[in-house]
Amino acid sequence: MNRSVSILCWFGFIVLACNSCNSDLDLIDESSYRPVVYCLLNPKDSVQYLRVSRSFVMHVNPEGQEISPDSLQLKADFYAYLESVNIDGSRHIYYFELTDITRRDSGMFPQDGLVVFRTHCPVEGGKEYGLYVNFPSLPLLVAGTITAVNPVDILDPNPLPGREITFLEDQGYTVRWTRSVKFAVYQPVIRFIYLEGDILFQVRKQVEILQPMVFGDTEIAIITSYLNGSGFIDDLVKNLTPPDSGQRRKIIGFDLLLNCGGPELAVIARAGTNAVASFTGLDEYSNLDGAVGLFSSATYTGVYNNRFSDITINYLAVSQKSRHLGFLRTDEDFKP
Amino acid sequence: MKQLLIILLAIAVLLSGCNPIDDIGGNDTIIIPPDNGSLEFRFILPEYKIPKEDIHRISLSFAYSADSMYKSQFFRKVNVSDFQDVYTLFFLPDDYYYVAVITCSCEGDTCLNGGFPGGRFGMKHNFNRFSIEKQKTLVIETHFQ
């Protein structure tokens with residue numbers, strides 16, 4: 001009897017062992033995605049925008065993998081709002097709504113569903129704002145707070161009748177602007193403007209030359225950045241190709257644009273510029289709880305119609321480095 | 001008595017201690033390139049009965065001769081700013097001419113009353129000849145009418 005029970009037990013054990021559950025370990029769990037939220041408040045705009053998508057995992061080289069078009073689409077229902085905090089402590093809420101469902105060119109992910117949300121919320125510099133995205137079905141609340149950047153004023157260049165700017169190999173220009181917030185990132189952009197054509201027909205063209213980023217971490221009211229003359233001429237030569245045969249170029253002047261990002265953008269930008277330093281761990285930096293992405297503020301300003309001096313115009317026309325670009329001297333004009 | 005002496009000695013040491021502010025300015029000595037002399041140009045904005053922030057530096061240009069100066073054929077133009085008073089430049093030893101120009105951006109007839117010809121954005125010029133000597137610094141200060 002005992003022997004029969006023993007055999008039965010062993011048989012039962014073997015049957016159970018052979019039929020034990022087979023559970024594949026799913027390393028890429030669909031439910032393990034994280035929301036990706038981007039929102040940059042602009043104090044110069046009364047409409048603020050929000051983009052919500054989701055993260056996903058790529059198994060192999062993206063060029064060799066067909067990616068599902070909805071990989072970035074977050075299908076969970078959610079609602080989002082901005083909360084502004086006034087000086088007296090009172091709060092005001094602005095709900096985001098869908099902008100439109102226009103098809104967007106989003107690189108590898110052309111998808112109607114990648115839409116942007118917007119809300120009418122005038123943003124004031126120096127004021128605190130909170131961003132909340134609530135996913136009741138998950139449940140998850142994405143939250144972040146920032147203090148919006150103050151608008152900046154460009155002090156130099158300040159175009160006045162008769163004032164001109166000279167760039168030469170050994171002469172640069174010092175740009176000055178008012179500080180936004182204590183820690184911020186700034187990037188000047190020179191928009192070089194010229195006419196191209198012949199005596200019968202000319203087209204106004206422009207080329208934008210990005211200048212190095214400036215990280216402001218100061219209480220000083222005025223921030224300065226030296227634009228290197230040699231670097232400016234090198235960048236111009238790099239960004240422009242010679243005109244077509246028979247065409248010449250007449251220099252009109254330049255605009256100076258200044259982009260300013262808040263402390264959160266400054267951290268991201270600082271991490272990017274220190275790619276070989278220990279700061280690289282900030283690839284997934286986010287100031288949002290419950291999501292990756294960024295909630296920050298950014299603004300821009302510009303000074304337009306700055307004139308180059310005749311010394312700079314003539315130098316660009318005749319110098320070894322730039323004469324192939326076909327610029328006219330100050331005493332020349334378009335020829336038939 | 002001994003304690004009093006120590007306290008007095010400590011106070012004397014403290015009072016004669018170094019003043020760190022003196023060192024903050026750093027060494028302002030300008031290294032003049034070989035064969036050159038330097039010009040320290042003090043572009044001082046004059047005092048008129050006009051708000052000071054509405055008077056602007058327009059240009060600071062240098063010519064080789066009086067003839068070139070009158071024809072506005074300058075060999076060097078400095079990027080002037082309302083936030084910078086002093087401009088340091090290097091020249092080979094020779095005689096040169098400078099022209100410094102200011103303007104006024106007040107509205108109404110304030111600029112006219114301040115002596116700017118034509119009123120708003122009228123210009124005032126200050127020009128003169130100067131000589132640069134090798135390895136020496138010349139200081140020029142503007143004087144507008």
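## Chain A at a glance

Among the contacts in chain A between residues at least 6 apart in sequence, 71% link residues at least 24 apart; two residues are in contact if their C-beta atoms, placed from the backbone, lie within 7 Å. This is a predicted model, in which local features need pLDDT of at least 70 and side-chain atom pairs count only at pLDDT 80 or more, while totals for chains, interfaces and linings use all residues. Residues are numbered from 1 along each chain as its sequence is written, and chains are lettered from A, with ligands numbered from 1, in the order in which they are written.

Chain A holds four helices and 16 strands. Helices (H or I, at least four residues) and strands (E, at least two) are DSSP runs, numbered from the N terminus. Of the 336 residues in chain A, 26% count as buried, a label for residues with 20 or more other C-beta atoms within 10 Å of their own, the C-beta atoms being placed from the backbone.

Where they touch, domain 1 of chain A contributes eight residues and domain 2 of chain A six residues.

On the domain 1 side of chain A, the elements giving two or more residues are β1 (35-41) and β8 (140-147) of chain A. By class, this side of domain 1 has five nonpolar, two polar and one charged residues. Here Ala, Val, Leu, Ile, Met, Phe, Trp, Tyr, Cys and Pro count as nonpolar, Asp, Glu, Lys and Arg as charged, and the others, Gly among them, as polar.

## Where chains A and B meet

Now to the chain contact: 13 residues come from chain B and 16 residues from chain A. On the chain B side, β2 (55-63) and β5 (94-104) of chain B each supply at least two residues, and β2(B) gives the most, with three residues. This side of chain B divides into five nonpolar, six polar and two charged residues.

## A sheet in chain B

Chain B also has an open sheet of three strands in the order β4-β1-β7, with mixed pairing; two strands pair if DSSP finds at least two bridges between them. Its edge strands, β4 (86-91) and β7 (137-141) of chain B, each pair on one side only. Neighbouring strands of this sheet are turned by 20° against each other on average, direction ignored, with axes being lines fitted to C-alpha atoms.

Strand β1 (residues 37-42) of chain B runs parallel to β7(B), and five bridges join them. In β7(B), B:V139 stands opposite B:E40.

Conventions
Buried ≥ 20, exposed ≤ 12 C-beta atoms within 10 Å, placed from the backbone. Axes fitted to C-alpha atoms, helices over the stretch in contact; angles between N-to-C directions.
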